[in-house]
Amino acid sequence: MKSFNIYLTGVGGQGIGLLSEILLRSADHAGLKVKAVDTHGLAQRGGVVISHLRFGEKVFSPLIFRNQADLVIALERHEALRGLNSALKDNGTLIYYDTVWQPLEVRINSADPVTKEMIQRICRKRNIRDLPIFKADLKDARMQNMVVLANIERNKLIPGIKKEHYDEAMKDLMQGTMLKTNLKLFEEERRR
Amino acid sequence: MKTLGEILLKQTPFSEIVMGNTALVRAMIESHTRVITSYPGSPTPEIAEAIRAIPKEKRPFYFEFSVNEKVATEVAYGAAVNGHLATVFFKSVGLNVAADTFVQLSLMNIIGGMVIVLGDDPGANSSQNEQDNRHYACLSYTPVFEPASPTEIYTFYKAAAKLSKDKGMPVILRLTTHICHAKEKIDFQGWHDRELDKTPRFDTKNGPYVPIAADVFPMKRKALQRLETVEKYADQSPLNQIFDHGNSNRGVITMGLPFLSLMDVLEFADNKPDILKLGMVYPIPVKMVEDFLRVHIEVKILEELDNVIEKEIKKLAYDRQLSTKIFGKMDLEDWIGEYTPDKVFEILKKTWPDLLTAMDAPKDMVSSAPARPPQMCPGCGHRSAFHAIKKALRDTDITVADIGCHTLGFLPPYQMGELLMCMGASTAMGSGLSLFNDTRNVVVFLGDSTFFHAGLPGIINALFNNHNVTLILMENGTTAMTGHQDHAASGQNFNEPTDKIPLRRVLEGLGVRHIYEIDTYQQAKLTEMVKDAINIKEFSAVIARHPCMLKFTREQRRKPGYQPRRVDIDQQKCHRLYECIRDFGCPTFTQMADGRIEIHPDLCIGDGSCVQTCPSEAISMPKVV
C-alpha cells in the first residue's frame, strides 16, 4: 500500500492527544505499519497542537512533508485553514469541527477571523473535499473530537481502518463511564 | 484498557506502540537501572509520566525530581559511585545548569555506571535556544549515543548503560524533541527483576575521587585513555550502520532524525547515495568512516545544528590524505532549525542539484490564518497579576522575566517582562539594570519552582550587595509549564508528602525587610502593594499568589458532583470599552462581528477574575450552568 499521511491539528486543550492516539491504535489494529509524533511546544497554554500520523510500509520520519498530507483533521476553524494551507495536498480531504477559539490577533481586532466560506473557497479551488462538522446539542465540548472521529469513520476517510478497529482502539485507551459515553456517541454519530 | 504501569513491568516479551520517552523507561527497567533523577523540562517530562504510571512500591528503582539539573546529576553520581547503575535526564539547557558537575564526571571511576539522557531541542520548540550539546561531550571526553527512533532509544540506552558500567565512565544518550515524542510499535524483550544489592560499595581504592592538584593529570589521562578504547568499541558497534545502494560516486554520513528525513527524501531520488548512519556520534567510528570516505568520490555530512562531526571527518580525511570531496554545511541556514524532511530536501538539492525529482506543491496558496501564540489559560493568576502590576508602573519602568508560564506576559496585551535569559536569572539581571539608574524602577518576576532551582543566588546577591530591585514571586504552587510537577513548596515530592518550604519563610530567613503577600485576584490591592514596593529604595519582594487554574480546574472536574460555572455579559450594561478583551485579555472573551463581546462556553472556567476589570460592571459573577 502507498503511504497515507494524516495531519491532525487544533488548540491546546481540545483533546488532540486522545484522538491522535485512537487513530494510531486503530491503524495498528487494522494491521497497518504506523509512525506518529505530537508536536506541542507550549500547547497547553492555548497554542497550536499538531499530530502527524503516517501509515504504510515505506515510512521513515514521523514528520510529513509540507503539503503532502492526504487528510487534514482540525478541531477548530482557524487551525483548519492553517492546516489546509501548510499541510494538505491538492485533491486531499479536510475534515474539521466548526468551532472557533479566536486567536489573540482576532480578539484584539488586528486580524480578520476565518470564515467557513473562506475555507470552502480554497478547497474548491484546490479540489479538496471539505467536511465541516458541528453538533449543536453536544453537551461536553471535550467530546468534539469523538464527533469528528465518528464522521471520519462514516465517510471512510482512512483506507483500511474499519469500525471495529476504532472500537478496539478506544477500548485500549479508555474504561468505565468514559469509554461507554464515548462509544455511544461514536456509534450514534457514525450512523447519523 | 491497557495500563501503562503494567505494560512497563511485563516479564514476557511483548509488542506495544509507545513514544520514545516511554521506551526509555522500559530500557531502564531491563537494564536494572536503580537510581533515576531529573528536573522537569520539555522534551523529557513524559519519561517521568511513564515512571509515575508504575505504582511506587512496584518501581524497581528510585526516582526523584531534584531541585535542579545540577543537583539531579550529583544525586545520580553519588548513587553510581556507590555501585548503583544511575541515570539523570533533563532538557537541552539543563546541561548548562548541570555543567559544573557534569564536566568532572569523566575523571571519575563510576563503578555503577551512569547514563546522562539529554533532550536536545533542534527547532527550539520549547527552549530559549537550540544549543548542540555534543560540544559538551567533546569538552568532557564523554561518549554520545544518538538514536533515531523510539526503537533505537530502547536499544541504544541498553547499550549505553552496558558500556558505562563496563568502563565505569559516564555515557550520554542524546535525544531530540521529535525522537522523544515519536511513536511506533516496539518489540520489547522479556525482563526479570533481580534482587537489589543494597551494599554501599563506595571505596576510595576505586578512585581517586578528589580531583585536586597533582591528581588531576592522571585522572585526565585515564579519561582520555578510556575514550580511546571507546573509539575502538565504536568501530565494532552494530549501532553504526551502512545502507548500501551500490553508489560509488556519492555517500551521506548522518545520524538521528536527519537520517529518517533523508530516507523519506530519497524516495524522490533515482540514484540513491549510500548512507553511513552513525549511532555513536562521539567518538566517531574512525575506521568505518575512513572506509566509507575511501569508496566514494563525494560525501555529504548531513548533520543537524552545528558542524561537530564535519570537523572530525575533515580532520580524518586530512590526516589520511584522502581525496574524497566532503560537503559539510554550505550556508548559515544549514546551522539553523530542525532537519525535517522538508529541510533535508532543500539541503540535498543545494548539495547535488541533479539528485531529486520535484515534489508536487499546491499552486494557489491564498489567505493565511492569523497567528496563534501560546497564552495564559482562562483564570490564570498571572493574568490578574500582570493586569494589576501594569497599573502600578510607568511605561519607562523596566520589567524582567524569568522562565515559566509567566514568561508569556511579554506578549500583547501585557508586554511585561521585557528581558529573558534562563532559569533564575531575573533578579541579578535586574540588579545590574538598577545600577546608576535613579529614574526607571526595576521590577523582576520569578516563578516558585525557579525560585528554588536557580533563583536564590540572585536574591541573596541583591541583599548582600544592596540592590534596589522589586522582586515579584509569581507563586502558583507547581511547576506549571512542564506539566505540573511538585516543587519544594508544594508539600509533596514525586514519591510522598514532605514538609513545605514556604517562600515567605525563606525570604524572612534571608533578611528581606519588605515582604508583601497577596492573592493575585485581588487586583486593586496588588496594584497598591507594587506601588509601595517600588517606592522603597532597597530590595523588596511581593509574593503574588494564585494556584495554577489549569491544574485546579482539572482536579475539580474529577470530583463527584462537579458543576461547571461561567460568567456572563449583560449586553445592556456593556458600553463596549473592551477592557476585558483588549487589556485583561482572557481567551474566553470572543469578539463578535457586530462589536459585541461574548463568553466562549467551552473556555470559561467561571473563576470570576475578570468581573472586577469591567468599568461598566457588565460582567456578572460566575454562575452554575
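**Notes on a predicted two-chain complex**

1. For chain A, residues 24 or more positions apart make up 65% of the contacts with a separation of 6 or more.

2. A word on conventions: this is a predicted model, in which local features need pLDDT of at least 70 and side-chain atom pairs count only at pLDDT 80 or more, while totals for chains, interfaces and linings use all residues. Residues are numbered from 1 along each chain as its sequence is written, and chains are lettered from A and ligands numbered from 1 in the order in which they are written.

3. On confidence, the predictor assigns the complex a pTM of 0.96 and an ipTM of 0.96. The average pLDDT of chain B is 96, with 100% of its residues scoring at least 70 (pLDDT is the predictor's confidence in each residue, from 0 to 100).

4. Chain B holds 23 strands and 20 helices; both are DSSP runs numbered from the N terminus, helices being H or I with at least four residues and strands E with at least two. Its radius of gyration of 27 Å is close to the 25 Å that the globule rule gives for 625 residues, so chain B is as compact as a globular protein of that length (the radius is taken over C-alpha atoms, and the rule is 2.2 Å times the number of residues to the power 0.38). Taken along the principal axes, the C-alpha atoms of chain B fill a box of roughly 80 × 70 × 60 Å.

5. Chain A has six strands and seven helices, in the order β-α-β-β-β-α-β-α-α-β-α-α-α from the N terminus. Its C-alpha trace spans about 45 × 40 × 35 Å along the principal axes.

6. How much of each chain is buried? In chain A, buried residues are 58% of the 192; in chain B, they are 49% of the 625. Buried means 20 or more other C-beta atoms within 10 Å of a residue's own, exposed means 12 or fewer, and partly exposed lies in between, with C-beta atoms placed from the backbone.

7. Chain B is split into domain 1 (4-236), domain 2 (241-351), domain 3 (381-555) and domain 4 (563-625), with bounds from an automatic or database domain assignment. The C-alpha centres of domain 1 and domain 3 of chain B are 33 Å apart. Each of these two domains of chain B gives 14 residues to their contact.

8. Now the interface between the chains: 53 residues of chain A meet 50 residues of chain B. Elements of chain B that give two or more residues to this side include strand S8 (182-188), helix H10 (256-265) and helix H13 (341-351). Strand S2 (residues 34-39) of chain A runs antiparallel to S8(B), joined by two bridges (strands pair if DSSP finds at least two bridges between them). Ala36(A) has Lys183(B) as its bridge partner in S8(B).

9. One residue to look at is Lys311(B), in helix H12 (residues 308-319) of chain B. Lys311(B) counts as partly exposed because it has 13 C-beta neighbours inside 10 Å. The C-alpha atoms of Lys311(B) and Gly328(B) lie 8.7 Å apart, with the two residues 17 apart along the chain.

Terms used. Contact = placed C-beta atoms within 7 Å.
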